[in-house]
Amino acid sequence: MDKQDIEKYKHIGKISKEIREYAKKIIKPGMLLVDIAQIIEDKIKESGVECAFPVNLSIDDIAAHYHPVPDEKTIASGLLKVDIGIHKDGYIADNAISIDLTEKKEHKKIIETAENALENALQLLKKNPTLHDLGLTIQKTIESNKFSPVINLSGHSIEKYKVHAGTTIPNYGNNSKQTIKSGVYAIEPFVTYGEGKIYEGNNGNIYSVIEFKSTRSPTARKILEYVEKKYKTMPFSYREIFQQFGPLSRLALKELENQHIIRSYAQLIEASHKPVAQAEHTFLKTDDGEIIVITK
Ligand code: CO
């Protein structure tokens, strides 16, 4: 990682923070999820950057990977996770918050716990911890507040144009002796009232390309060209494809999926159907071992 890379990451991190704060300000109970998605996307565009994945708007027991369809009437409510990924020239920042939309603010403590678990892990980075140490810190912070970490969701390394690269940062002590090498990473504790496992539910209306190959259907071909130019292999939403290509989009995406050219992402749902809170920051570790939390 050279100086220029570090500057690019600092820049995208700063914008990521601005967009997160903007989302926090504008989201109110009773808004349609589609309107929230559109407002955040508009802000991203206005800021001169692009989505690295569709903004995830996941309510209650949906932990992640939900994005509304164009005509959806779902209203923001309960415990809402807003996970925002943006990039400029492939330099990605990944950043998430949880918002309590209940009248009685019943999720205050679980949200604070997710934030504290994240903060404790970030603080520990200075001591060159193993992945086990990081996971255990997250787990202990969560369990000491009588909640459960979601053990099959984890933080991850980030590479250029790649949101989820090779390394995972666990949300529990997993006995890994591996330490953090120089590079870019996201830490994202997920906390729940439930048992702390997620399963894959229905399609979350998010897709990504596995491999760019030729396909016969003209609409599918146009979609693929559009995605290759704008997102490469980063995730995109059905909603955007529908906005661009109209009612033939769902069928074309289905064809591309059947041909193993694209994949769809399932909603990630908590097994005991209890609400989940999330907090996330992206940090980089320089070649000198300096830790810079770019989204803070
Ligand atoms: Co992430």
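**Entry 1: Ser154**

I located Ser154 in the loop between strand S5 (148–149) and strand S6 (155–158); strands (E, at least two residues) and helices (H or I, at least four residues) are DSSP runs, numbered from the N terminus. The model is predicted: local features need pLDDT of at least 70, side-chain atom pairs count only at pLDDT 80 or more, and totals for chains, interfaces and linings use all residues. Residues are numbered from 1 along each chain as its sequence is written, and side-chain values use heavy atoms, with hydrogens and water left out.

I looked up the exposure of Ser154 and found it partly exposed, with a relative accessible area of 23%. Here buried means under 20% relative accessible area, exposed over 50%, and partly exposed in between, with a 1.4 Å probe and protein chains only. Leaving aside residues up to four places away in sequence, I listed Thr168, Ile169, Pro170, Asn171 and Glu188 as touching Ser154, where contact means heavy atoms within 4.5 Å. I also noted Ile187, which is 33 residues from Ser154 in sequence and 7.4 Å from it in space, C-alpha to C-alpha.

**Entry 2: Strand S14**

I followed Ile187 to its bridge partner in S14, which is His281. Strand S8 (residues 183–187) and S14 run antiparallel and are joined by 5 bridges; two strands pair if DSSP finds at least two bridges between them. S14 also pairs with strand S15 (residues 291–293), in the antiparallel sense over 3 bridges, and there Phe283 stands opposite Val293. S14 and S15 form a hairpin with 5 residues between them, and Gly289 in the turn has a positive phi of about 90°.

I then checked the burial of S14 (residues 281–285): 5 of its 5 residues are buried, so the strand is largely enclosed by the rest of the structure. His281, Phe283 and Lys285 are buried on one side, and Thr282 and Leu284 on the other.

**Entry 3: The sheet S1-S3-S4**

I traced an open sheet of 3 strands in the order S1-S3-S4, with antiparallel pairing. Strand S1 (50–59) and strand S4 (91–100) are its edges, each pairing on one side only. Strand S3 (residues 79–88) is joined to S4 by 10 bridges, and Gly85 stands opposite Asp94 in S4. Helix H2 (residues 33–46) packs on this sheet, touching S1 and S3, and its direction makes about 155° with that of S1. Angles run from 0 to 180 degrees between N-to-C directions, and axes are lines fitted to C-alpha atoms, for helices over the stretch in contact. I found helix H3 (residues 108–124) lying across S3 and S4, at about 155° to S4.

**Entry 4: Helices H6 and H7**

I recorded that helix H6 (residues 238–245) and helix H7 (residues 249–258) pack at an angle of about 120°, with their axes 9 Å apart. H6 is therefore oblique to H7; angles under 35 degrees count as roughly parallel, over 145 as roughly antiparallel, 65 to 115 as roughly perpendicular and the rest as oblique. Tyr238, Ile241, Phe242 and Phe245 of H6 meet Ser249, Arg250 and Leu253 of H7.

**Entry 5: The sheet S2-S12-S10-S11**

I traced an open sheet of 4 strands in the order S2-S12-S10-S11, with antiparallel pairing. Strand S10 (residues 198–209) and S11 pair over 2 bridges, and the bridge partner of Ile206 in S11 is Ser237. I noted that H7 packs on this sheet, touching S10, S11 and strand S12 (262–270).
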